[in-house]
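This report is written for a reader who is meeting the structure for the first time.

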Amino acid sequence: MDVTQLLVDVLKIYSPSHGEAELARYLHAYLKRHVADVWIDEAGNVVAVKGGGSPVVWLHAHMDTVPGPLPVRVENGVVWGRGAVDDKGPLVAYLKAFLEAEPRGTLVLALVTAEEDDSAGTEALMRGGPPRPTHIYVGEPTNLHIAYAYRGGAKVYIELQSRGGHASSPIYGNVVEELYAVYQEVKRALGHAERYDAFTVTPTVVQCGEAPNKVPTRCVMVLDVRIPPGRTCRDLLQSLPPGARSASCTDPVEVSPTNPAARALTRALIKLGVEPKLSRKWGTADFNILAALTKNIVAFGPGDPVYAHTEDERIEVAQVETAAAALKLAVGEIK
């Protein structure tokens, strides 16, 4: 397999959340040349299965990216493009590992949709489809660290309305200022702090105003809220002040860093001469959902997460190949 070429091919196919159909068709055709049991399910996921019996190991990665296409280029063993880090670099590593691994039981490759949005692809897998897993590896940019914990996440909306008015005589008050005040109250209510063990509140979308000389009649702000370990979505909902609401929420998840999936990957990295490192992730991922299927789960993949969702996404091809080799070894020893 030419890893560089495959990376370039998948990066050139723009696939924002709920827009993965073209990439799914490409990956389905690619896999079909190597394995017989591969399909696209009702959620648009690409699923492939090889082997049979127990254990059942899932290799799970997502096809979608955040919005905003970027030019694709290769330079000195590094590939740039939207999704190079999150999540097409990990996806290519997982695809390579799937094709080359020799499982003792069943190996499932699940390339899913909408992880960056509503996790529709993974939610569909939770309802049924391929054989239920005993172990799961989740493809995420961890810089080859073994991640065993993720914080929770929620989208909080602040939506305010007013009568508006002429900007020269704002006698009805200004909804922009009110919006900012509610945002500050959300931060105070949740105890926002830039620490792993605290709620973090980050404004990501603000929509306000109809004309430069008119006080707005409607303002909307979206806050990305991350939930620390030991706290829950229930805590979040109970703390929100009037004017703020949560449309979606996922609780934090932590599993044992010495679970069997983690141990197999640790031994694989040692065999490859890579020092195993454990991580707890600041973000939220399909990991949080999949942990309900088995606690033998870790997130792992190539790519420095500092570049995720930036305009400078890039990944080293050598790291993609190392991740694939480690996964191949880990899958081969799980029994």
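Predicted model: local features only at pLDDT ≥ 70, side-chain atom pairs only at ≥ 80, totals over all residues.

## Helix α2 and its covered side

Within α2, the residues Leu23, Ala24, Leu27, Tyr30 and Leu31 are buried. They lie on the same side of α2, because the arc they cover around the axis is only 130°.

What, then, covers the buried residues of α2? The covering elements include the helices α1 (3-12) and α3 (84-100), together with the strands β1 (38-40), β2 (46-51) and β6.

Threonine 106 belongs to strand β6, which takes in residues 106-112. Is threonine 106 buried or exposed? Its relative accessibility is 6%, and because buried means under 20%, threonine 106 counts as buried. When residues up to four places away in sequence are left aside, threonine 106 touches Val49, Lys50, Gly51, Gly52, Gly53, Pro55, Val56, Val57 and Pro131.

Alanine 93 is placed in helix α3, and with a relative accessible area of 0% it is buried. Not counting residues up to four places away in sequence, alanine 93 touches Pro302, Val320, Ala323, Ala324 and Leu327. The C-alpha atom of alanine 93 is separated by 9.9 Å from that of leucine 59, a residue 34 residues apart from it along the chain.

Valine 72 sits in the loop between β3 (56-62) and β4 (73-75), and its relative accessible area of 24% makes it partly exposed. Although valine 72 and lysine 12 are 60 residues apart along the chain, their C-alpha atoms are separated by 6.5 Å. Lysine 12 is also among the residues that valine 72 touches, the others being Val8, Leu11, Trp80 and Gly81, again without counting residues up to four places away in sequence.

## Strand β13 and its partners

Strand β13 runs over residues 218-227 and is mostly covered, with 9 of its 10 residues buried. One of its partners is strand β9 (residues 152-161), which pairs with β13 in the antiparallel sense over 10 bridges, and in this pairing alanine 154 stands opposite valine 225 of β13.

Strand β11 (residues 200-208) also runs antiparallel to β13, and 8 bridges join the two. Here threonine 200 is placed opposite arginine 226 of β13.

At the N-terminal end, α5 is capped by asparagine 174, which has a side-chain oxygen 2.8 Å from the backbone nitrogen of valine 176. Just after α5, glycine 191 adopts a positive phi of about 70°.

## The chain as a whole

Taken together, the secondary structure of the protein chain amounts to 9 helices and 18 strands. Of its 335 residues, 50% count as buried. Among the contacts with a separation of 6 or more, 78% are made by residues 24 or more positions apart.

The C-alpha trace spans about 75 × 40 × 40 Å along its principal axes. The radius of gyration of the protein chain is 22 Å, which agrees with the value near 20 Å that a compact globule of 335 residues would have.

Key
Residues numbered from 1 in each chain as written. Heavy atoms only, no water. Buried < 20%, exposed > 50% of the residue type's maximum accessible area, 1.4 Å probe, protein only. Helix = DSSP H or I, 4+ residues; strand = E, 2+ residues; numbered from the N terminus. Pairing = 2+ DSSP bridges. Polar contact = N/O pair within 3.5 Å; in protein donor to acceptor, adjacent residues only side chain to side chain. Contact = heavy atoms within 4.5 Å. Rg over C-alpha atoms; globule rule 2.2 N^0.38 Å. Arc of directions from axis to C-beta.
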